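Hi,

Here is the structure I promised to pass on to you. Have a look at it first, and then read on for what turned up.

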Amino acid sequence: MNDALTISGLTKNYKDFKLNGISFSVPCGSIVGLIGENGAGKSTTIYSILGIVVKDAGTVTILGKEEQKIDNAVRNQIGVVFDGGSFPDTLTAKKLNNIFKSVYTEWDENQFFSLLTKLSLPADKKIKEFSKGMKMKLSIVVALSHHSKLLILDEATSGLDPVIRDDILDILLDFVQDEENSILISSHITTDLEKIADYIVFIHEGKVVFSKPKDELTEQYGIIKCGAAQFDALDKSDIIVYRKMDYEWQILIADRMAMQKKYPKAMIVPATIDEIMLLYVKGEAK
């Protein structure tokens with residue numbers, strides 16, 4: 001099994017939105033970041049993968065099993081975390097442990113309490129007294145305590161302070177160190193994904209714009225910043241997308257080192273994932 005998750009041609013039609021033939025994979029041992037503006041289709045994609053939303057077309061394969069063959073043994077190996085947490089506020093972590101012992105066949109009580117201690121989460125405090133960051137940590141602790149092989153997280157670091165986010169990112173990096181566990185994480189905080197992701201999948205208006213290794217985007221892509229005359233002189237085949245600003249043109253390119261040699265007088269800067277996404281969304285094709 002090379003991929004922990006594969007989706008092909010995933011389609012979901014709504015009255016005013018269409019998830020249109022989404023295809024990408026999550027290789028085993030990797031972290032794949034799912035990005036896109038609000039309403040692009042990230043959550044619909046995740047809900048369709050999990051069967052929360054009934055798709056109209058396409059196939060989903062999880063941990064080597066096509067969706068119609070996914071049984072409880074496979075489901076037990078999928079850890080899911082949504083923004084905000086989803087546990088009853090009146091329960092404590094200790095009571096959650098008692099519940100999940102009867103839910104998951106692979107529930108690891110020792111792992112659960114060990115992670116609570118590691119992340120400074122109280123076992124006897126009611127969840128309604130937890131901060132948002134504590135609730136998110138608890139959700140991740142639960143996801144990691146039933147021997148999951150695949151974590152699926154939807155905006156798991158949204159609204160958290162930088163220290164809590166960093167703690168969570170370190171946990172996720174530890175999770176994939178054995179090269180067998182895998183993560184799909186959607187986030188609008190692209191700096192988090194620049195830190196931990198191996199691949200980036202960009203969804204815009206219900207379609208996959210690109211699915212690429214993160215290092216290719218951050219180390220090879222670049223932005224040419226120039227005036228109108230220099231823009232007119234560029235070889236248009238070098239341009240991915242461009243955007244005219246008030247005082248300059250911004251041009252997204254795929255190989256900034258090659259372009260620096262080709263245009264030695266041009267100002268070419270590295271591109272962040274945020275900038276790449278913004279240019280794709282607001283820029284124009286060549």
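Let me start with a question: which residues in α3 meet which residues in α4? Before you go looking, please keep in mind that this is a predicted model.

On the α3 side they are A93, K94, N97 and K101, and on the α4 side E109, F112, F113 and L116. Sorted by class, this contact of α3 with α4 has four nonpolar, one polar and three charged residues. As for the geometry, helix α3 covers residues 93-103 and helix α4 residues 109-118; their axes come within 11 Å and cross at roughly 160 degrees. Angles over 145 degrees count as roughly antiparallel, and α3 and α4 are therefore roughly antiparallel to each other. The crossing in which α3 passes α4 is right-handed.

Helix α4 has a further contact, with helix α5 (residues 132-144): the two pack at an angle of about 150 degrees, and their axes are 9 Å apart. So α4 and α5 are likewise roughly antiparallel to each other, and their crossing is right-handed. From α4, the contact uses Q111, F112, L115 and L116, while α5 brings in L138, V141, V142 and L144. The residues of this contact of α4 with α5 divide into seven nonpolar, one polar and no charged.

Now to the strands. The model has an open sheet of four strands in the order β2-β1-β4-β5, with antiparallel pairing. At the edges stand β2 and β5 (65-66), each with a single partner strand, so one side of each is left without a neighbour in the sheet.

Strand β4 (residues 57-62) runs antiparallel to β5, and two bridges join them; I62 stands opposite K65 in β5. Helix α1 (residues 42-50) packs on the sheet, where it touches β1, β2 and β4, and its direction makes about 110 degrees with that of β1.

At the other end of the strand order, seven bridges join strand β1 (residues 3-13) to strand β2 (residues 18-27), and this pair is antiparallel too. β1 and β2 form a hairpin, with four residues between them. To find the pairing on screen, look for N13, whose bridge partner in β2 is K18.

Happy browsing, and do write back with any questions!

Best wishes

Key
Residues numbered from 1 in each chain as written. Predicted model: local features only at pLDDT ≥ 70, side-chain atom pairs only at ≥ 80, totals over all residues. Heavy atoms only, no water. Pairing = 2+ DSSP bridges. Axes fitted to C-alpha atoms, helices over the stretch in contact; angles between N-to-C directions. Parallel < 35°, antiparallel > 145°, perpendicular 65-115°, else oblique. Left-handed = near helix turned anticlockwise from the far one by under 90°. Contact = heavy atoms within 4.5 Å. Nonpolar A, V, L, I, M, F, W, Y, C, P; charged D, E, K, R; others polar.
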